[in-house]
Amino acid sequence: MTTNQISIPKNKLWMAAIKPPMYSVAIMPIWVGSAVAFAETKIFNGLIFAVFMTAAILILAWENISNDVFDAETGIDKNKHHSLVNLTGNKQLMFWLGNLCLSSGLLGIIAIAFLQKDPTVIGIILLCCALGYMYQGPPFRLGYQGLGEILCFFAFGPLGMTAAYYSQTQTWSMTNLAASVIVGIVTSLVLFCSHFHQVKDDIAAGKRSPIVRLGTEKGAQVLVWFTASIYPLSLLLVVLGIFPLWTLLSWLSLPFAFKLCRHVLENHHLPEKVSNSKFIAVAVHFWSCLLLGTGFMLG
């Protein structure tokens with residue numbers, strides 16, 4: 001145990017390992033997809049919404065736990081004191097705990113399909129899980145090739161929101177697909193920000209994250225462009241009549257977006273200072289998606 005690890009209280013390490021704020025990433029696609037469904041059909045099944053949200057949280061828990069397990073195998077997390085594997089010293093236990101979360105989450109999805117007498121949602125979520133596995137799991141480890149943000153975009157954007165919409169309506173929606181682009185982008189920003197402070201460890205482990213490939217300065221500039229893109233995109237969709245006017249409530253998340261961009265532009269090369277950028281990105285994600293969904297409910 002290093003001196004740095006000793007200086008950090010154990011409870012803080014556990015909170016950093018569990019990452020409670022990150023679970024909004026699982027919740028928001030369900031919220032926005034269900035909100036679009038309500039706006040278009042006036043259908044809202046509270047039981048299915050609650051079951052789906054619980055299942056999504058469990059499946060994301062599997063993703064987070066299994067990532068720590070797979071990263072322990074490559075050695076990339078040797079300096080990550082809040083890794084669940086490093087905290088428990090038991091990789092096998094974490095492996096099976098992750099699988100328990102996955103199984104429990106999938107049971108929830110199966111329950112929804114059973115209630116609807118329609119297996120479509122199961123297929124979509126299994127595809128999301130496959131993308132989640134390919135992100136870090138062997139032999140794929142696509143996150144090590146810098147493809148994690150693309151997988152994240154599809155899993156939490158178009159696929160996740162399509163599953164949420166379908167679970168409410170058993171139909172498809174182009175408006176929902178348009179909204180899923182915004183949710184997918186803002187979700188990928190969270191993952192993108194998690195790389196800035198890990199460049200040295202990533203290079204040592206052979207991980208070619210987007211920030212390793214671009215460098216921190218150019219990566220910060222790319223972050224600004226993608227963060228900024230969600231606002232004119234939502235405005236365009238309102239002007240075209242695809243989104244209701246109320247969805248412009250999502251622009252109230254702009255202060256968090258400005259904070260994120262300024263913070264990363266100023267500190268991209270300082271790992272200790274930029275390490276919290278992913279939590280600012282979570283705030284951008286949470287408020288933009290919460291308000292986008294609220295706009296659909298009001299519209």
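This is a predicted model: local features need pLDDT of at least 70, side-chain atom pairs count only at pLDDT 80 or more; totals for chains, interfaces and linings use all residues.
Residues are numbered from 1 along each chain as its sequence is written. Local features need pLDDT of at least 70 and side-chain atom pairs pLDDT 80 or more, while totals for chains, interfaces and linings use all residues; side-chain values use heavy atoms, leaving out hydrogens and water.

Two packed helices are described by the angle between their axes and the distance between the axes. Helices here are DSSP runs of H or I with at least four residues, numbered from the N terminus. Axes are lines fitted to C-alpha atoms over the stretch in contact, and angles run from 0 to 180 degrees between N-to-C directions.

Helix α3 (residues 24-41) packs with helix α9 (residues 174-193) at about 160 degrees, their axes 10 Å apart. α3 is therefore roughly antiparallel to α9, a term for angles over 145 degrees. Helix α4 (residues 46-74) packs with helix α8 (residues 148-169) at about 150 degrees, with axes 10 Å apart. This makes α4 roughly antiparallel to α8.

Now to the surface. L47 lies in α4 and counts as exposed because its relative accessibility is 53%; exposed means over 50%, buried under 20%, and partly exposed in between, with a 1.4 Å probe and protein chains only. What does F286 count as? With a relative accessible area of 28%, F286 is partly exposed. F286 belongs to helix α15 (residues 277-298). F286 and M22 are 264 residues apart in sequence, and their C-alpha atoms are 9.5 Å apart in space.

Conventions: Helices (H or I, at least four residues) and strands (E, at least two) are DSSP runs, numbered from the N terminus. Angles under 35 degrees count as roughly parallel, over 145 as roughly antiparallel, 65 to 115 as roughly perpendicular and the rest as oblique.
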